[in-house]
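Subject: Structure for your use

Hello,

Please find the structure below. My notes on it come after.

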Amino acid sequence: DWTMAEFREAKIAEIRAQVGSSRVICGLSGGVDSAVAAVLIHEAIGDQLTCVFVDHGLMRSGEADQVVGLFREHYKIPLVHVNAETLFMSGLKGVTDPEAKRKFIGKTFIEVFEAEAKKIGGAEFLAQGTLYPDVIESVSFTGGPSVTIKSHHNVGGLPERMNMKLVEPLRELFKDEVRVLGRELGLPDMFVGRHPFPGPGLAIRIPGEVTKERCDILRKADAIYLEEIRAAGLYDAIWQAFAVLLPVRTVGVMGDHRTYDSVCALRAVTSTDGMTADIYPFDAGFLSRVATRIVNEVEGINRVTYDYTSKPPGTIEWE
Ligand code: XMP
């Protein structure tokens, strides 16, 4: 039996013993896992740690600023913020295959990260917020022996290429435990309680070609959906909720004219570890309120649907 306070102390000692006086770099994704890993490591070794935040332009509304603000201003952790939106958008041009998207984003992320790490220089260790389910799911999936369902871009790749030793203090933890640890470390509730967000970001919530314009449309719809979920007091009861922008246009009517715009799908699931999931049963009034707001407020969307698929057979993300 151990408490999270004990886990924290034990990990801090372990990190110090592992790292000694060497330098560590940590990639921040904007999510809870890498943030908790970074704060824990910073507590252990202070300014021997430098964080690198590769901003691929595929974040949700306001997210990049929140991460940068939290680390630079609140924790005073040295942070390099790389704005690589143009690089990612130009590389995603014409790419529609889900695995091709994931691979391009993963590879480019590594390249940008590697270049920044070189600039910082002299780091012997690479820190990652890898969790227990990441370790399992990237190897196999309950649907069959060693079948890769999706190539996750936060595990593997980097360490071998960069010839660095790994620091992965969260490897034994599940998501809910990471949240407890995050609170223990004083991370703000709003941040710790955040829904998980995939490494490839909005790219895998835009089936078909990803463009900056489509990302902007999706960011608006997603922000409205989450605002309504928070206002209804449902945020913490849901594992993940997000909007998906479909490559399908349908006919609608606004006032007295015809529209021909994109469809947006809403997804919300409950889960304990992301490996299986059930749909969140919103009441119809809630969903129609969100649908009305999105169609009225987001130019480019004229129809909203709700995804009723559990995992399995569906996955949580659409790609
Ligand atoms: P799926 O879509 O496979 O997602 O049911 C399970 C959980 O994993 C998240 N996810 C990712 N997280 N890098 C990540 O860090 C990825 O490439 C990635 N792909 C999916 C997804 O959001 C859900 O929580």
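Predicted model: local features only at pLDDT ≥ 70, side-chain atom pairs only at ≥ 80, totals over all residues.

Residues are numbered from 1 along each chain as its sequence is written.

Overall: the protein has 11 helices and nine strands (DSSP runs numbered from the N terminus; helices are H or I of at least four residues, strands E of at least two). For 319 residues, a compact globule would have a radius of gyration near 20 Å, and the protein agrees at 20 Å (taken over C-alpha atoms; the rule is 2.2 Å times the number of residues to the power 0.38). The C-alpha trace spans about 70 × 45 × 45 Å along its principal axes. Of the 319 residues, 35% are buried (20 or more other C-beta atoms within 10 Å of the residue's own, with C-beta atoms placed from the backbone).

Helix α8: within residues 175-184, V178, R179, L181 and G182 are buried. Down the axis of α8, the buried residues fall within an arc of 165°, so they line one face of the helix (the arc is that of the directions from the helix axis to the C-beta atoms). These buried residues pack against α1 (4-19), α2 (32-45) and α9 (189-192). Just after α8, G186 has a positive phi of about 80°.

Ligand: 14 residues surround it, the closest being P198, G199, T315, I316 and E317 (C-beta atom within 6 Å).

Regards

Technical notes:
Buried ≥ 20, exposed ≤ 12 C-beta atoms within 10 Å, placed from the backbone. Contact = placed C-beta atoms within 7 Å.
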